[in-house]
Every structure is written in C-alpha cells, then in structure tokens.
Amino acid sequence: EEHGELRLFYQPQVDIGSGRVIGAEALLRWEHPRLGLLAPSRFLALSEESGLVVTLGEWVLRTACAQAAAADTPATPALAVSVNISARQFALPDLPQRIAEILKQTGLAPPRLEIEITEGIAMQDIARSIGVLTELKQLGVMIALDDFGTGYSSLSYLKRFPLDKLKIDQSFVRGLPADENDAAITRAVIALGQSLKLKVIAEGVETAAQLELLRKQGCDEYQGDYFSKPVPPHEF
C-alpha cells in the first residue's frame, strides 16, 4: 500500500434474465515491480499469518467504496460493489462501525455495498455471526454468503442469518452441465435460495452451456470469464 502497488480489479455481475450488468466483485491484485501482477493466492496466506490481512481488507473496502461512488454519472446506473471479508476482519469487534465510517467518508449509499462472507467463517461462531450480520444489515448494506455448499451449514442456522444472496461456489459450476452431482447440488442451492427468498448468484461461469443450465434452473445472477474476466476500473 505504501508503495502504491495494490490494485483493485472488478468482475462484472450480470442479471441472467435481462443480461444487464448489475454490480461487480472487487478483487485485489498486487502489481509487483519484479513479478508482475499477482493474484491473492500468491500473497494472502502470508498476509493472514502476519496480520496484514486486516489492513489490506480495510484498504480494499475503502477503495472499492470510493471507486464505486466516483463512478456515478448521469449516464451510468448505480451499480453495487461486492467486497470479500476475511476471517480476521470479521473477528474485529468494531467491524460494523468501521464499515459505517467508510460509507460515510466515501459517500457510497449503503445498499450499493455487498459484503461477502464465506460459509466457513459464518459457521465458526454462529451466535456472534448472527449479531455481526444483523448490525451490518441495520447499516443498510447487502450480505452474500460465499462458497455456499462447500462447508457444513445447518439449515436451521442458515435461516437465522440476515442474508440477501447465496453464492454458488465455482467448484460446482465448473462441472456443469455434464457432472450430474454438480448439477444436482446447483439445482438444490437455487431451490433453497428461492424458498428462503434470497437471490442466487453463480461464480466461475465459463461457457454458454453452463449459463443455459443456470438460466433453466432459475438462477438470478452470474459472474465469470464467459462474460468478462476481472478488469481494472477504467475497463470496467
């Protein structure tokens, strides 16, 4: 951050019914002077160990909110921006207050920020998770449960989380439409989302056949290389 080497890229999120871009997921990249553009898999584990992940996470939140607010023009729709929250960030006792302050400072309307938390993080301390997510909902931000289907969620707890969206993990989308198990899990997640009145978004969509299956099953949104790879703000 001090050297100005951090970048945010954005992957469009698309409404399956209309084909419109309705938001974007903010994804961190490190523009290393010698190694080039690095994805988080190359450096996030180290930042977790050192505790820097909290600083990085705060930078991502602030930058994503500021860039989303700055992108507003009369000619462009007000798009939502989706930001991933790490386990260490989620454990901060003042996370809702920090997010409220960032929204106030950047001027981004709360409903245009979507917080993504993984199923695994949410299930670590369920009572606390419900409390934190409830505070975030009271701010007016949207909440998505990421990596859904990869963990061990109890459905009785799931209905108590104040969620807006379930995200189908790309590990299931990758096998579509040929893999019958992946197709069955995908159908089940979409049906579950519909029954709980949640939006469902699939990530990692790479082919027309994958998108068509998701469309037929009633999935609401998708993101993936089929529509667009993550791109810098000016390209987005």
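## A network of charged residues

Glu-25, Glu-116, Lys-167 and Glu-203 are joined in a network of salt bridges, a salt bridge being a side-chain nitrogen of Lys or Arg within 4 Å of a carboxyl oxygen of Asp or Glu. This is a predicted model, in which local features need pLDDT of at least 70 and side-chain atom pairs count only at pLDDT 80 or more, while totals for chains, interfaces and linings use all residues. Residues are numbered from 1 along each chain as its sequence is written, and side-chain values use heavy atoms, with hydrogens and water left out.

Let us look at one pair from this network. Glu-203 and Lys-167 form a salt bridge whose closest N and O atoms are 3.7 Å apart. Glu-203 sits in the loop between β8 and α10 and Lys-167 in strand β7, so the pair ties together parts that are 36 residues apart in sequence. Helices (H or I, at least four residues) and strands (E, at least two) are DSSP runs, numbered from the N terminus. Both Glu-203 and Lys-167 are buried; buried means under 20% relative accessible area, exposed over 50%, and partly exposed in between, with a 1.4 Å probe and protein chains only.

## Other salt bridges

How many salt bridges are there by this rule? The count comes to eleven. In general, side chains of opposite charge can pair when their charged atoms come close.

One of the pairs is Arg-62 with Glu-58, at 3.8 Å from N to O. These two are four residues apart in helix α2 (residues 52-70), which separates them by about one helical turn. An α-helix has 3.6 residues a turn, so residues three or four places apart point the same way. Arg-62 is partly exposed, with a relative accessible area of 31%, and Glu-58 is partly exposed too, at 22%.

Another salt bridge joins the side chains of Lys-229 and Asp-225, at 3.1 Å from N to O. Here Lys-229 counts as exposed, at 53% relative accessibility, whereas Asp-225 is partly exposed, at 36%.

## A walk along helix α9

Helix α9 covers residues 180-195, and its 16 residues should span 22 Å at 1.5 Å a residue; the expected span is 1.5 Å times one less than the number of residues. The end C-alpha atoms are 22 Å apart, which agrees. Just after the helix, Lys-197 takes a positive phi of about 60°.

Which residues of α9 are buried? They are Asp-182, Ala-183, Thr-186, Val-189, Ile-190, Leu-192 and Gly-193. These buried residues pack against several elements, including β6 (142-148), β7 (165-168), β8 (199-202) and α10 (208-217).

## The chain as a whole

The protein chain has ten helices and nine strands. Of its 236 residues, 45% are buried. Among contacts (heavy atoms within 4.5 Å) with a separation of 6 or more, residues 24 or more positions apart account for 66%. The chain exposes about 11700 Å², of which carbon and sulfur atoms supply 54%; accessible areas come from the Shrake-Rupley method with a 1.4 Å probe, and for residues only the protein chains shown count as cover.

## Cysteines

The structure holds zero disulfides, a disulfide being a pair of cysteine sulfur atoms within 2.5 Å. Cys-65 is buried, with a relative accessible area of 1%, and Cys-219 also counts as buried, at 5%.
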